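The sequence and the model follow.

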Amino acid sequence: MKKNQLKKAITLLCLTCSMIRPAAAVEKENTDVTISVVMGSKSNVPDGSTFEVHLVKNNTYYKWNGTTKTYVDTILNGKCKIIVPASDKIAYACFELQFPDGSRKILDENNYLNLPYLLETGDQIQINIFQINKIRDFIQFSGKGAEKISCQQQIYQLRNALPLGAQMRANQLLNTVTSTSLKATEKLYDINLSMKLALLATYRDRISDKAYQLIYYDCVGARLYSRATDFIAANARKDFITIRPAIKKYFEENLLEYTKEDPNNQDLIGSALYSMSITQKILVMQILTDDKFSKDFSPIYAMIKKNFDGALRDRLWLNAIMEHGKYKNANNYVDSIFIQMGNNSSKAILNEWRQKNDLGREAYPFVIEDEKGKKYTLADFKGKIIVADFWFRGCTGCKSIVKSLSPVSASFSGNDNIVFLSISVDKTRDSWIGGLKDREYTIPNSLHLWTGGGMISNTSFLKYYNYFSFPQLLLIDKKGKLIASRPTDPRNDKAEALIRLIKENM
């Protein structure tokens, strides 16, 4: 009896064990973005060229090289593949080609501003480059996630253009600025925006809601940004004093629209262009209010504080610091802005920036060369105050700042405790040497150095301080610590603040 019971127990145990199966391994979802590039027979892109993906962190402004990370692969046999690790569910990225001779090209000539494309986790994009030349680029996107990029590509091709007749009338209205003509011009430019939004609507059920909303705000932001830029340029017109009242009235009415937006709308804040378009409009308001346009940061700070709240206010403050950090008093507001910011991505970005740019931080340990190829490092200038001027050939502002730096150089002539570095960011050595021969970009008795060429966005020295536009000035003390990465522009006050800052640290 016991044997039968034991046999039954063993049988039951075996049946039970046979029913138990090890849990199937859960396959981890691939969240990385894969970008495959395939060259057509007429692409004119030789092997040895590199394809670059500049990924924008935290949806900041896409031109800020200090908040981008670059992924590169070399083209061999007409192909390459780049794996972009996913840190955000959706992010912006710019694409570029670099040829073996060092020359560079944005991916699509129709996207002449190199506006960014959206990437989402798990995307598997194939970029077919059929033709690349000075006349026309023929590029096609396919694969998982390609629909949104194709949508952006088609929208970018519309630029801010109007049908011929409408464009002619818009130009006429811009030449005769009145309150009425400005409103009429807006209606004409609404045609372009309507075309973009109609195009976007055709992709409504083919792309994610997040991508749709970001592209929507990009379209609106692009229109607002271009109009604000037009009026910043109007500041140079001879009749600006006459037309300023009409422009001011228009912008005062127009700025109020932004206060109605949800200040914590992450799609609005995360758009590549929308928040920056508001920043541009705020700058226009300062130009219209300040008779001499003194380039003072104080009214910009105050206008943002008065008109905006929440995460949008914080992003606008961040934009203002990065874009207008050389304005008078800008450095005085950084700490106050940081304290007032909420716990959001803008504060995180500003905190990262402060770690590199606050007074007394260790300066970047650069290694750069002179015309003869001799390498210079930060340590070579220990015991001297460094005044570094960054420039490139063809930069109008780089020429004008030299005139303002000349009295600074003269003030410390013969002083062995200071050294002036003229640092070129030109993409090629030939362009740098040509700029030196022009004798328009450097001050007398400065040491001529070069960052080594290539793209600004890939240069560690420039990325460290988020130098994405030029000229730029950098001040380092005798111990190799930072004095200022964005001192007051000497063109704004006849170099008085710059000379005072140097003397305080002498």
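## Basis and overall build

A residue counts as buried if its relative accessible area is under 20%, as exposed if over 50%, and as partly exposed in between, with a 1.4 Å probe and protein chains only. The model is predicted: local features need pLDDT of at least 70 and side-chain atom pairs pLDDT 80 or more, whereas totals for chains, interfaces and linings use all residues. Residues are numbered from 1 along each chain as its sequence is written, and side-chain values use heavy atoms, with hydrogens and water left out.

The protein chain has 506 residues, of which 52% count as buried. Its C-alpha trace spans about 110 × 60 × 55 Å along the principal axes. Secondary structure amounts to 17 helices and 16 strands, taken as DSSP runs numbered from the N terminus (helices H or I, at least four residues; strands E, at least two). Among contacts (heavy atoms within 4.5 Å) with a separation of 6 or more, 72% join residues 24 or more positions apart.

## Aromatic pairs

Rings of Phe, Tyr and Trp (its six-membered ring) pair if their centres lie within 6.5 Å; planes under 30 degrees apart count as stacked, over 60 as edge-to-face and the rest as tilted. The structure holds 25 aromatic pairs. In one of them, Tyr 376 and Phe 381 have ring centres 5.9 Å apart and planes at 15°, so this pair is stacked. Tyr 376 counts as buried at 14% relative accessibility, and Phe 381 is buried at 6%.

Because Trp 391 lies in strand β12 (residues 385-391) and Tyr 441 in the loop between α14 (429-438) and β14 (447-450), the pair ties together parts that are 50 residues apart in sequence. Trp 391 and Tyr 441 are both buried.

## Helix packing around α5

Axes are lines fitted to C-alpha atoms, for helices over the stretch in contact, and angles run from 0 to 180 degrees between N-to-C directions. Angles under 35 degrees count as roughly parallel, over 145 as roughly antiparallel, 65 to 115 as roughly perpendicular and the rest as oblique. Helix α5 (residues 209-233) packs against helix α8 (residues 274-289) at about 20°, with the axes 8 Å apart; α5 and α8 are therefore roughly parallel. Residues in this contact include Tyr 217, Leu 224 and Phe 231 of α5 and Met 276, Leu 283 and Ile 287 of α8. By class, the contact has 12 nonpolar, four polar and one charged residues, where Ala, Val, Leu, Ile, Met, Phe, Trp, Tyr, Cys and Pro are nonpolar, Asp, Glu, Lys and Arg charged, and the others, Gly among them, polar.

Helix α2 (residues 146-158) packs with α5 at about 10°, with the axes 11 Å apart, and these two helices are therefore roughly parallel as well. Lys 148, Cys 151, Gln 152 and Ile 155 of α2 meet Ala 211, Ile 215, Asp 218 and Cys 219 of α5. That contact comprises five nonpolar, one polar and two charged residues.

## Surroundings of Val 56

Val 56 lies in strand β2 (residues 50-56) and counts as buried at 1% relative accessibility. Leaving aside neighbours within four places in sequence, Val 56 is in contact with Tyr 61, Tyr 62, Thr 67, Thr 68, Ala 91 and Tyr 92. Val 56 and Gly 66, 10 residues apart in sequence, are 9.4 Å apart from C-alpha to C-alpha.
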